[in-house]
Each structure stands twice: as structure tokens, then as C-alpha cells.
Amino acid sequence: MDLVYTQPLKELLQITSYFKENVVVIVDNEKDEKVAKTNSLIPCYLVDESTKDISKLSQKKKAVIGGSIKANEFACRINADFLLQPSNTKQFFDLGLAQKLFDNGTIVVLMFEELMSKNSFERHQYWKNFVEVVRYCKMKKVPFIVASGTKDPLHIRPRKVRSSLAQMLGLDNESAEKALSIKLD
Amino acid sequence: MVWVIFMNIQKNKKTTIPASKRDKKRYVLFEVLNATLSEKDFYFGFWIELLSFFGSKGLSEINPKIVLFKDNKAIIKCKRGKETELIAGTAFIDKIRNKKVIINPLLISGTIKTVKEFAGFDSKTIVEEKEIKEEIVKKESNSSSSGDKK
């Protein structure tokens with residue numbers, strides 16, 4: 001399973017079929033959702049506090065971009081399926097939040113594109129915080145994945161690479177693979 | 001006289017470390033997607049990204065060496081147990097000489113032979129080698145049996 005933003009469809013399909021990967025596409029309108037569904041991609045709505053009529057999306061998959069205490073708590077409140085980037089250069093993740101995410105069945109996602117685009121100074125801060133996030137996730141058994149999280153299809157990374165990145169962050173081989181092979185309806 | 005002979009024996013002794021006592025290594029096969037690169041370009045892009053991510057200490061622990069680059073496929077040698085780090089490091093390579101690339105790990109192996117076969121660098125596969133050996137054995141047995149008859 002990989003998470004990406006909406007992007008040129010033809011190239012996306014080519015690359016994902018080459019890597020044999022199920023892809024969740026982050027969408028923000030019904031048109032994109034339809035396109036994704038027709039091409040056997042899994043659509044997921046990007047939601048934040050300003051989104052109107054969240055109750056309408058109750059049957060659909062939801063992702064929240066974290067990175068602040070408010071955003072992380074918002075993800076818990078609406079039972080989001082994915083919490084993207086729960087911490088950035090500052091740490092906003094703790095055991096209480098991990099427990100709530102476990103109860104809701106939320107998957108914590110590191111968007112690799114963001115990490116890659118940063119310079120090495122910011123990158124080391126991201127890395128340090130994500131090592132801590134993985135430690136908490138391991139303690140509370142919250143699934144953690146590394147996703148490509150990109151708008152450019154050529155920044156999509158194969159499964160082996162993402163799994164080894166998760167292992168470097170502190171997961172063991174089994175749980176890294178297990179989290180990446182979660183099947184979504 | 002005895003001393004001279006002893007010294008000669010000492011000089012002739014091999015100083016290489018036996019294979020069993022050398023550091024264990026792993027070979028990883030990568031393929032480069034979306035662009036055709038020369039060996040120099042790949043070498044350049046590979047080292048710069050890995051060095052910026054791991055630093056010189058981290059890179060020395062992984063000890064990567066580009067063994068072979070051919071047909072957009074590269075065989076890279078590293079220390080055993082560090083192959084995940086090597087693969088993770090290659091994730092950060094997104095551009096080489098302004099060409100967008102994806103580096104896809106295909107195989108991890110302990111011997112270069114299997115990697116070469118998987119990549120299709122060697123013309124003879126294990127099966128073909130076996131067949132050739134069997135043919136040689138058959139020929140030898142035939143010749144020996146004909147010799148016996150004479």
C-alpha cells in the first residue's frame with residue numbers, strides 16, 4: 001500500500017503497475033474520486049478543521065495532515081483512517097495519542113516526499129522525531145508506514161525501499177512488511 | 001643452512017586473509033528506471049546522496065562498492081546486515097545529472113554469481129552449466145568405455 005497525491009493518471013498507473021502496488025490517492029473532490037475509482041485506485045479524502053460537512057464523508061476514507069497538537073487531536077476526533085506527518089521539525093506525538101490512534105484503527109504515515117525535499121539540517125530533525133514516533137507506535141501497536149506521498153509520479157518509491165526505510169526508523173522486518181500489506185476495502 | 005631454508009619458507013607464506021575470516025558481504029542488484037545513465041553518472045549520483053544522508057562514518061560502516069554497472073543495472077557490494085540501510089539510502093536519489101530517476105532494488109544475494117545470473121549479465125546459467133558438465137562426463141565415460149574395448 002502506498003499513499004500519493006492526485007497526479008498525472010497515465011504515468012501513475014504505469015509506475016504502480018510496474019511496482020505491483022495498491023495505491024491510495026488523496027483527493028479533495030468527487031470528480032477526482034470517480035477517476036480514481038474507475039482506475040481501481042483507492043480514493044481518500046484529505047480533511048482538515050476547515051472542511052465543511054465532514055459528516056458526509058463518514059462512509060469514505062479520510063486522511064488528516066498532522067504536525068500540530070490540534071491537527072493530531074482532530075484526526076482522533078473524526079476517526080481518520082490515516083494520520084499523515086504527525087510530527088515535523090517539532091514533536092507532537094505521545095503515548096496518549098498513540099493509544100487513541102490504536103483504538104480508532106488509524107494508520108500513521110510518514111510522507112517520504114516531504115523528508116526528501118528538505119535540506120539535511122531539517123531532515124535530521126524530521127528523522128529524530130520520526131524515530132520517536134515509531135517507538136511510541138511500537139509500544140501501542142499502531143501500524144506505521146512510510147509512503148511516497150508525492151505529486152510527481154517519478155518520486156514514487158518501490159515497496160522494498162519504503163520497508164527498509166521503516167526498518168531504519170526502528171520497526172522490525174515483519175511489522176514493516178505487515179503494515180505495508182494492510183488491505184483496504 | 002637450516003635457518004636459510006626456514007627463512008625461505010617464511011617468505012613464501014601467503015599473507016592474504018583466508019576467505020572464511022574476511023568480513024561477510026552482500027551483493028544488491030539495482031535497476032535504474034526512467035533514464036539511461038553512464039557508469040560515471042551513476043557513480044556520481046549514488047555517492048553524493050548516500051554521503052549526504054549517512055555521513056562519512058555511516059557510509060564507512062555500510063562500505064558500499066559499485067562492482068558492476070551495465071545496461072542500467074548496478075551490482076553494489078556492502079557489508080552483511082547493512083543492506084537495508086543501503087537500499088534506504090538509495091531512496092533519496094531522485095535526480096542524476098538533471099534526469100529524474102527511480103532506483104529499484106531487485107535482488108539481495110550473498111554471491112555475485114546469482115546476482116549476475118538474475119541480471120542476465122552472464123550468458124551461461126546454472127542449468128546450462130550443469131548440462132555442459134553432464135555432457136563432458138558423458139563424453140569422458142564414452143571415451144573410456146571405447147578404450148576398454150580396444
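Trainee: At what angle do the axes of helix α2 and helix α3 of chain B cross?
Mentor: Good place to begin, and keep in mind that this is a predicted model. Helix α2 of chain B covers residues 39-62 and helix α3 of chain B covers residues 83-90. Their axes come within 10 Å and cross at roughly 165°.

Trainee: Is that roughly parallel or roughly antiparallel, then?
Mentor: Angles over 145 degrees count as roughly antiparallel. The crossing of α2(B) and α3(B) is at roughly 165°. That makes the relation of α2(B) to α3(B) roughly antiparallel.

Trainee: And is the crossing of α2(B) and α3(B) left-handed or right-handed?
Mentor: The angle between the axes is one part of the description of two packed helices, and the distance between the axes is another. Handedness can be given for this pair too: the crossing of α2(B) and α3(B) is left-handed.

Trainee: Which residues in α3(B) meet α2(B)?
Mentor: Start on the α2(B) side, with B:Glu49, B:Leu50, B:Phe53, B:Phe54 and B:Ile62. By class, the residues of this contact divide into five nonpolar, one polar and two charged. The partners in α3(B) are B:Glu85, B:Leu86 and B:Gly89.

Trainee: Which are the edge strands of the open sheet in chain B?
Mentor: The four strands have the order β2-β3-β1-β6, with antiparallel pairing. Neighbouring strands of this sheet are turned by 25° against each other on average, direction ignored.

Trainee: Which residue in β3(B) stands opposite B:Lys65?
Mentor: Five bridges join β2(B) to strand β3 of chain B, residues 73-79, and the two run antiparallel. Within β3(B), the residue opposite B:Lys65 is B:Lys77.

Trainee: Moving to chain A, which are the edge strands of its open sheet?
Mentor: Seven strands form this sheet in the order β1-β2-β3-β4-β5-β6-β7, and the pairing is parallel. The twist averages 30° from one strand to the next. The strands that pair on one side only are β1 (2-5) and β7 (144-147) of chain A.

Trainee: Which residue in β2(A) stands opposite A:Tyr5?
Mentor: Strand β2 of chain A, residues 23-27, is joined to β1(A) by four bridges, and they run parallel. Opposite A:Tyr5 stands A:Ile26.

Trainee: Why is β6(A) largely enclosed by the rest of the structure?
Mentor: In a regular strand the side chains alternate between the two faces of the sheet. On one side of β6(A), A:Ile107, A:Val109 and A:Met111 are buried, and on the other A:Val108 and A:Leu110 are buried. The strand is largely enclosed because the buried residues number five of the five.

Trainee: Which residue stands opposite A:Val108 in β6(A)?
Mentor: Strand β5 of chain A, residues 82-84, pairs with β6(A) in the parallel sense over three bridges. The residue opposite A:Val108 is A:Leu83.

Trainee: Which helix gives the most to the side of chain A that touches chain B?
Mentor: The contact takes 13 residues from chain A and 14 residues from chain B. On the chain A side, α5 (112-117) and α7 (159-169) each supply at least two residues. By class, that side has seven nonpolar, four polar and two charged residues. With six residues, the helix that gives the most is α7(A).

Notes: Residues numbered from 1 in each chain as written. Chains lettered and ligands numbered in written order. Predicted model: local features only at pLDDT ≥ 70, side-chain atom pairs only at ≥ 80, totals over all residues. Axes fitted to C-alpha atoms, helices over the stretch in contact; angles between N-to-C directions. Parallel < 35°, antiparallel > 145°, perpendicular 65-115°, else oblique. Left-handed = near helix turned anticlockwise from the far one by under 90°. Contact = placed C-beta atoms within 7 Å. Nonpolar A, V, L, I, M, F, W, Y, C, P; charged D, E, K, R; others polar. Pairing = 2+ DSSP bridges. Buried ≥ 20, exposed ≤ 12 C-beta atoms within 10 Å, placed from the backbone.
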